[in-house]
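Dear colleague,

I am passing on the structure below, and would be glad if you could look through it alongside the notes that follow.

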Amino acid sequence: MDVPSLAALHAMGPAQQPAYPDPVAVDDVVTRLRSARPLVFAGECDQLRERLAAVTRGEAFLLQGGDCAETFAGVTADNTRNKLRVLLQMAVVLTYAASVPVVKLGRLAGQYAKPRSSDAETRQVDGAPVTLPAYRGDAVNGFDFTPGSRVPDPERLLEVHRTSATTLSLIRAFIAGGYADLRKVHHWNTDFVADSVAGQRYEAMANEVDRAMSFMAAIGADPDEFHEVDFHISHEALLLEYEHALTRHDSRSGAPYDLSGHFVWIGERTRQLDGAHVELLSHVRNPIGVKLGPTTTPDDAIALAARLNPANEPGRLTFITRFGAGRIRDGLPDLVEKVTAAGLAVAWVCDPMHGNTFEASSGYKTRRFDDVIAEVQGFFDVHHQLGTWPGGVHVELTGDDVTECVGGGEELLEDDLATRYESVCDPRLNRVQSLELAFLVAEMLRA
Ligand code: PEP
Ligand code: MN
């Protein structure tokens with residue numbers, strides 16, 4: 001079956017789409033995007049699907065992470081390198097401490113569109129309430145709280161394509177230039193992280209990795225794996241115009257792929273079985289994910305798998321659960337048990353962020369580090385009890401020293417949030433908190 005037209009998808013009444021004021025301008029942008037170059041190659045998507053098949057079989061662990069929402073202004077070489085670096089540090093901790101291959105997947109180079117629980121946002125301006133359309137990510141409108149900035153502008157989709165291409169070429173250059181080479185294991189542990197407790201623990205571990213590599217070198221072994229790194233990119237496939245325009249037929253097989261990223265996922269708010277997002281992604285060959293929140297029934301999950309992975313191919317479908325620390329132990333077992341009993345080959349991944357968001361008294365959206373860890377621990381415990389594989393974590397993080405989530409070894413308090421709160425959407429783990437999470441997850445993997 002061929003990919004449905006954009007008009008057919010819109011006829012399905014898709015959730016969470018921008019209300020563009022000028023349909024002619026949208027058509028013009030879509031036409032230009034259709035001839036824009038693909039960001040990734042179909043063969044790379046296949047390679048990632050193979051790696052995720054290993055996750056599905058319980059032979060590898062997925063580390064997926066990045067910003068809640070990237071911004072155009074945030075795409076600098078430093079910012080991108082910092083995110084790559086924290087993911088590399090986390091991956092080496094997981095690989096070394098738990099002796100398990102880690103599949104590294106950035107939540108970046110395309111993560112610009114946000115679903116919102118409300119279409120409008122109200123703020124006090126000069127003592128009076130002002131209501132404007134909600135910010136839906138740089139892909140849609142501006143973060144500034146002014147009427148002009150909040151009007152959805154389709155031209156932004158072209159900027160998503162340009163900045164994603166820039167981010168990805170930076171990542172490819174860092175990797176090709178040797179930055180991600182395992183022999184740089186010490187080099188990644190720089191500046192503020194090195195002084196933290198997690199950073200010191202990392203340094204000790206890096207010494208052991210170094211010793212192991214020196215031993216390998218001494219016996220004349222120098223495997224490619226020391227120099228090469230697999231790194232892929234992912235984002236939520238939310239905006240139908242963008243994802244549809246970047247869906248192309250692979251020259252090798254003729255099969256359609258969404259070449260805006262290697263892996264794309266369907267969010268909790270757009271996973272309706274008869275919805276346009278499920279319809280579109282059912283037609284592409286990429287490895288894909290679906291977020292499953294606490295209201296998901298086993299029947300929902302089984303029906304989604306039937307639609308999205310009818311051939312039951314391992315690596316094609318990842319379920320990313322995001323229940324919240326308080327609900328995971330009650331809610332997850334039934335889901336995993338019934339999906340497993342139905343014989344479905346899916347990778348199970350824990351998003352310990354989106355069920356644990358709350359508003360601090362100061363008004364900042366935040367998360368407690370302890371809740372994040374409690375959800376991951378609940379996820380591991382449930383899978384251990386059922387004999388299924390806890391396949392990975394999906395986290396919102398940044399390589400910078402931000403103050404957005406409370407707790408962690410540095411004991412960030414609600415009063416600290418204002419110090420450096422930079423996220424335009426959800427709160428992210430900072431680099432130290434991310435490293436701490438990696439050590440804790442490594443212990444869970446070893447248990
Ligand atoms: C997100 O990943 O930023 C997000 C909106 O998640 P969810 O769809 O799980 O709410
Ligand atoms: Mn988010």
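Helix α11 spans residues 328–341, and its 14 residues reach 19 Å from the first C-alpha to the last, close to the 20 Å expected at 1.5 Å a residue (the expected span being 1.5 Å times one less than the number of residues; helices are DSSP runs of H or I with at least four residues, strands are runs of E with at least two, and both are numbered from the N terminus). This is a predicted model, in which local features need pLDDT of at least 70 and side-chain atom pairs count only at pLDDT 80 or more, while totals for chains, interfaces and linings use all residues. Residues are numbered from 1 along each chain as its sequence is written, and chains are lettered from A and ligands numbered from 1 in the order in which they are written.

The buried residues of α11 are Ile-328, Gly-331, Leu-332, Leu-335, Val-336 and Val-339 (buried means that 20 or more other C-beta atoms, placed from the backbone, lie within 10 Å of the residue's own, exposed 12 or fewer, and partly exposed in between). They lie on the same side of α11, because they cover an arc of only 115° around the axis, taken from the directions from the helix axis to the C-beta atoms. The face turned away from that buried side carries the exposed residues Asp-330 and Ala-341.

Asp-126, although not a glycine, has a positive phi of about 50°; this residue sits in the loop between β3 (120–125) and β4 (128–133), and is exposed, with 5 other C-beta atoms within 10 Å.
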